[in-house]
Amino acid sequence: MTHRSALRPKSQSKKDFIPRIARGDIIFCLGYSEPNAGSDLASLQTRATEKGDNYIINGQKIWCSYAHYADYCWLGAITDPEAPKHRNMSMFVVDMKNPGITVRPLINVIGCHSFNEVFFDDVLTPKESLIGVKENGWFQLAMALDFERSGVQTAAANRLILDHMIKYAKNNKRNGRLISEDPIMRNLMAEMAIEIEVARMLCYRIAWIYSKGGHSNYESSEAMIFGSELLRRISDAGMRVLGQYGQLEFGSHRAIGTAEMCRSYLAALSIGVGGGTNEIQRNIIAMRGLGLPRK
Ligand SMILES: Cc1cc2nc3c(=O)[nH]c(=O)nc-3n(C[C@H](O)[C@H](O)[C@H](O)COP(=O)(O)OP(=O)(O)OC[C@H]3O[C@@H](n4cnc5c(N)ncnc54)[C@H](O)[C@@H]3O)c2cc1C
């Protein structure tokens, strides 16, 4: 069987994919988590078995964000079932149009379809779709997670929520005076502004580490924890500034300019889980940042 694929030989893959990702021409989803492998990702069971010029992939992934839009999946799969954990898996770029891939939606707490289950049933992918070094996948994946955890997206979201709060406070009254004149609400917003700056600096530190040719590891975990927990604090503060209006969803005639707060309050539940939970990040900081024993 000849296999149609847009994939290029390994040496070409960075040049080929990265500019197209950056331009938004193609979308990737991340195929890491499985029903029985989340925090303990090295327990993943998806298999990639060599056959001629191809691998045949079988298994199930879960929580794959935006897999329903994705052109490719950055997938972790076992290539040597005899090898111990951490030494048995490889990373692949799999074309999502391949026959045998089924994407099933999972709807989250805000009624949004971002998560998916993805099933791989005898999916044929050419050998060159294995990226990097065979059975070195755990280390490639861990490095990619260090980038994901840098948390710059959360720092930006935090600032946006504060901007919503400030705008609302300047334009709305409670008990006959502008909310922006209430000393408790002013202090609350000032406090959030300080914390947002701290989150931003933690992200800049990571950019600085990379600019010096280094690699950010526990520093990324620190940024992820601080930024994600700040998102929860700031969403909570937003609810106080908006009062009852903070609970109104899009579509309510009274929800003008307030529904974003309701969404971010609920969505904050999942921040601090994606990319590895904050408990796992604390473990990383304890081990790699503080040199404490593994257990
Ligand atoms: C918004 C969002 C987007 C996501 N996108 C993707 C995606 O695109 N692709 C993908 O593959 N996955 C994705 N995920 C899944 C995410 O990576 C997993 O949910 C996460 O790694 C946790 O795994 P789990 O859900 O199986 O929880 P479990 O591993 O079952 O953990 C359950 C609880 O036990 C705690 N726990 C487990 N082990 C330890 C330990 N050793 N020490 C202390 N506490 C521990 C955890 O912190 C957690 O509170 C996403 C998740 C979210 C919320």
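## Close-ups of a predicted model

**View 1. Lys97 and Asp95 pair up.** The side chains of Lys97 and Asp95 meet in a salt bridge, with 3.7 Å from N to O. Lys97 counts as exposed, at 57% relative accessibility, whereas Asp95 is buried at 2%.

**View 2. Glu117 and Arg104 bridge two strands.** Here the side chains of Glu117 and Arg104 form a salt bridge at 3.5 Å, N to O. The pair links distant parts of the chain: Glu117 belongs to strand 7 (residues 113–126) and Arg104 to strand 6 (residues 101–107), 13 residues apart. Glu117 has a relative accessibility of 14%, so it counts as buried. Arg104, at 46%, counts as partly exposed.

**View 3. Arg233 and Glu195 tie two helices together.** What do we find between the side chains of Arg233 and Glu195? They meet in a salt bridge, 2.5 Å from N to O. Arg233 lies in helix 5 and Glu195 in helix 4 (residues 183–211), so this pair ties together parts that are 38 residues apart in sequence. Glu195 is buried, with 14% relative accessible area, while Arg233 is partly exposed at 33%.

View 4. Met89 sits in strand 5 (residues 89–95). Is Met89 buried or exposed? Its relative accessibility is 2%, so Met89 counts as buried. Leaving aside neighbours within four places in sequence, Met89 is in contact with a set of residues including Leu44, Gly76, Ile78, Thr79, Trp138 and Leu141. The C-alpha atoms of Met89 and Ala42 are separated by 8.5 Å, although these residues are 47 apart along the chain.

**View 5. Thr79 reaches Ser90.** Thr79 is found in the loop between strand 4 and strand 5. With a relative accessible area of 12%, Thr79 is buried. Its side chain makes a polar contact with the side chain of Ser90, at 2.6 Å. Beyond four places in sequence, the residues in contact with Thr79 include Ala48, Tyr55, Met89, Phe92 and Lys134.

View 6. Which residues come closest to the ligand? Of the 19 residues surrounding the ligand, the closest are Ser33, Ser39, Trp63, Thr277 and Glu279. A side-chain N or O atom of Thr277 is 2.6 Å from an oxygen atom of the ligand, and for Glu279 the corresponding distance to a ligand oxygen is 2.7 Å. Ser65 places a polar side-chain atom 2.9 Å from a nitrogen atom of the ligand. On its own the ligand has 990 Å² of accessible area, and the protein covers 62% of that. Helix 7 gives the largest share of the shell, 3 residues.

**View 7. Helix 7 against helix 5.** In helix 7 (residues 278–289), the residues Asn278, Gln281, Ile284, Ile285 and Met287 are buried. The buried residues of this helix pack against helix 5 (218–242). Just past the end of helix 7, Gly291 takes a positive phi of about 70 degrees.

**View 8. A nonpolar patch on the surface.** Ile27, Tyr66 and Tyr69 form this patch, which has about 310 Å² of accessible area in total. Tyr66 is placed in the loop between strand 3 (54–61) and strand 4 (72–78), and is partly exposed at 40% relative accessible area.

Technical notes. Residues numbered from 1 in each chain as written. Predicted model: local features only at pLDDT ≥ 70, side-chain atom pairs only at ≥ 80, totals over all residues. Heavy atoms only, no water. Patch = residues over 30% accessible without salt bridge, like charges linked within 9 Å, V, L, I, M, F, W, Y side chains within 5 Å. Areas by Shrake-Rupley, 256 points an atom, 1.4 Å probe, with all protein chains shown as cover. Salt bridge = Lys/Arg side-chain N within 4 Å of Asp/Glu carboxyl O. Helix = DSSP H or I, 4+ residues; strand = E, 2+ residues; numbered from the N terminus. Buried < 20%, exposed > 50% of the residue type's maximum accessible area, 1.4 Å probe, protein only. Contact = heavy atoms within 4.5 Å. Near = heavy atom within 4 Å. Polar contact = N/O pair within 3.5 Å; in protein donor to acceptor, adjacent residues only side chain to side chain.
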